[in-house]
Amino acid sequence: MRSPKDFFRPLAVGAPAPVREVPFRPSRMIHFFDPGNEKMAAKVPDIAPTVDVLLGNLEDAVAADRKEAARSGLVKVAKATDLGDTQLWTRINSLDSPWALDDLLTLVTEIGDKLDVIMVPKVEGAEDIHYVDRLLAQLEAKAGIQRPILVHAILETATGVANVEEIAGASPRMQGISLGPADLAASRRMKTTRVGGGHPGYLVREDPHGADGSAPRATFQQDLWHYTLARMVDACAAHGILPYYGPFGDIKDTTACEDQFRNAFLLGCVGAWSLHPVQIAIAKRVFSPSPADVAWARKVIDAMGDGTGAVMIDGKMQDDATYKQCQVVAQLADALAARDPELRDAYAAAEKE
Ligand SMILES: CC(=O)SCCNC(=O)CCNC(=O)[C@H](O)C(C)(C)COP(=O)(O)OP(=O)(O)OC[C@H]1O[C@@H](n2cnc3c(N)ncnc32)[C@H](O)[C@@H]1OP(=O)(O)O
Ligand SMILES: O=CC(=O)O
Ligand SMILES: [Mg+2]
């Protein structure tokens, strides 16, 4: 094992120095598109300004005989389109596939200066990240890339969940982790065929009640993903990287999509994937704190002065801990407002009320 002192050393001569802190860039929605699908790729210039992250997907959902078209399509899109300050990510094929190596070789050498983050699917342990880490350093050096490309892991195997803490801390390149509920369900042999969301059979039932115990008993559907999401959020927070909910496959059920996204937001996630244009606005709404919450957070911060002691505001106790909670909301609002003028105005208006 290398010395901890070497953690921030480049892994190849001539590769850029690793980042010491993951930069927080708004990434409320990671919008997936298939770069080999000409119709979808043609929409990129219109979609890019409406999303925080545009992701050219090369893995699942791209048919085996379309892998090369997707890869070359992404190179074409990246070279031809000015994305402004919208981030460009890609999801490469899994490391056990015949395509992953060529994905990395082609993308880093052709468009490495335009790629912000590479999403790696089906990560099972730190060794997967170490493999990508070294390869990226070699390719960055070869291509003369000036800033390191970051790495995002999808948590979508039972082994990956068991190793989530070591994955989160495997490299300074680690930018974040997304939950992949579809592959994870298959890996765990869960009996849901949905992509994220709940299941009517996963519930708790009210105790027997009524005179003879036969009154109708209410049931409450439970969240299949709570345990994994919470573990993932803790692992990410402990290592200073960003957690994301992944895909919600029932495109028509925008209400349940919003619920799933909001649960993730409240639990600590900074964004989710949008698979279809209809999910972009949902993610934007959910992963931006509400103007009322931001105004409240700023009120508490102002009232708390140096952030120590206890005060009462509108009947609620505030102290050092709530000051920190409010800073989380206010700092997120500042970062989003800097990118989103509409949000900036909404936050400013709510503060004046
Ligand atoms: C478990 C996982 O791994 S999830 C991640 C992998 N999956 C994906 O990346 C899926 C990405 N999304 C898609 O492929 C598509 O949205 C589908 C297949 C789900 C639905 O596609 P369609 O049947 O074409 O949906 P629909 O008819 O509602 O599309 C409306 C329009 O939006 C376009 N569109 C659909 N999805 C996208 C997208 N992700 N990005 C850009 N445009 C899109 C369609 O091309 C269509 O354009 P048109 O009006 O000019 O014809
Ligand atoms: O890749 C995502 C998933 O849910 O599987
Ligand atoms: Mg998957």
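Q: Which residues cover the two faces of β4, and how is this read?

A: In a regular strand the side chains alternate between the two faces of the sheet. In this predicted model, Val117 and Met119 lie on one side of β4 and Ile118 and Val120 on the other, and all of them are buried. Here buried means under 20% relative accessible area, exposed over 50%, and partly exposed in between, with a 1.4 Å probe and protein chains only. Strands (E, at least two residues) and helices (H or I, at least four) are DSSP runs, numbered from the N terminus.

Q: What conventions apply to the numbering and to the model itself?

A: Residues are numbered from 1 along each chain as its sequence is written, while chains are lettered from A and ligands numbered from 1 in the order in which they are written. Since the model is predicted, local features need pLDDT of at least 70 and side-chain atom pairs count only at pLDDT 80 or more, whereas totals for chains, interfaces and linings use all residues; side-chain values use heavy atoms, and hydrogens and water are left out.

Q: In what order do the strands form the sheet?

A: Strands of a sheet pair through backbone hydrogen bonds, either parallel or antiparallel. Here 8 strands form an open sheet with parallel pairing, in the order β9-β6-β5-β4-β3-β2-β1-β10; two strands pair if DSSP finds at least two bridges between them. The edges are held by β9 (242-244) and β10 (272-274), each with a single partner strand, so one side of each is left without a neighbour in the sheet. On average, neighbouring strands of this sheet are turned by 25° against each other, direction ignored. Axes are lines fitted to C-alpha atoms, for helices over the stretch in contact, and angles run from 0 to 180 degrees between N-to-C directions.

Q: Which residues are bridge partners in this sheet?

A: Strand β1 (residues 29-33) runs parallel to strand β2 (residues 53-57) and is joined to β2 by 4 bridges. Within this pairing, Phe33 has Gly56 as its bridge partner, and Phe32 has Leu55.

Q: How many residues of β1 are buried, and which way do they point?

A: The count is 5 of the 5 residues, so β1 is largely enclosed by the rest of the structure. Met29, His31 and Phe33 point one way, and Ile30 and Phe32 point the other way.

Q: Which strands do helices α5 and α9 lie across?

A: Contact means heavy atoms within 4.5 Å. Helix α5 (residues 126-143) lies across β4 (117-120), β5 (150-155) and β6 (174-179), and runs at about 155° to β5. Helix α9 (residues 226-238) lies across β5, β6 and β9, at about 175° to β6.

Q: What does Leu242 touch, and is this residue buried or exposed?

A: Leu242 belongs to strand β9 and is buried, with a relative accessible area of 13%. Not counting residues up to four places away in sequence, Leu242 touches Phe24, Gln175, Gly176, Ile177, Cys236 and Val270.

Q: How many aromatic pairs are there, and how is each described?

A: A pair of aromatic rings is described by the distance of the centres and the angle of the planes. Rings of Phe, Tyr and Trp (its six-membered ring) pair if their centres lie within 6.5 Å; planes under 30 degrees apart count as stacked, over 60 as edge-to-face and the rest as tilted. By this rule there are 6 aromatic pairs. Trp89 and Tyr244 have ring centres 6.1 Å apart and planes at 80°, so this pair is edge-to-face. The pair links distant parts of the chain, with Trp89 in strand β3 (residues 87-91) and Tyr244 in strand β9, 155 residues apart. Both Trp89 and Tyr244 are buried. For Phe261 and Phe287 the centres are 5.9 Å apart and the planes at 45°, so this pair is tilted. Phe261 lies in helix α10 (residues 254-267) and Phe287 in the loop between α11 (278-286) and α12 (291-303). Ring pairs link Tyr245, Phe261, Phe265 and Phe287 into a cluster.

Q: Where does a charge sit over a ring?

A: The criterion is that NZ of Lys or CZ of Arg is within 6 Å of the ring centre and within 35 degrees of the ring normal. Lys67 lies over the face of Trp99, at 5.0 Å from the ring centre. The charged end of Lys316 sits over the ring of Trp296, 5.9 Å from its centre.
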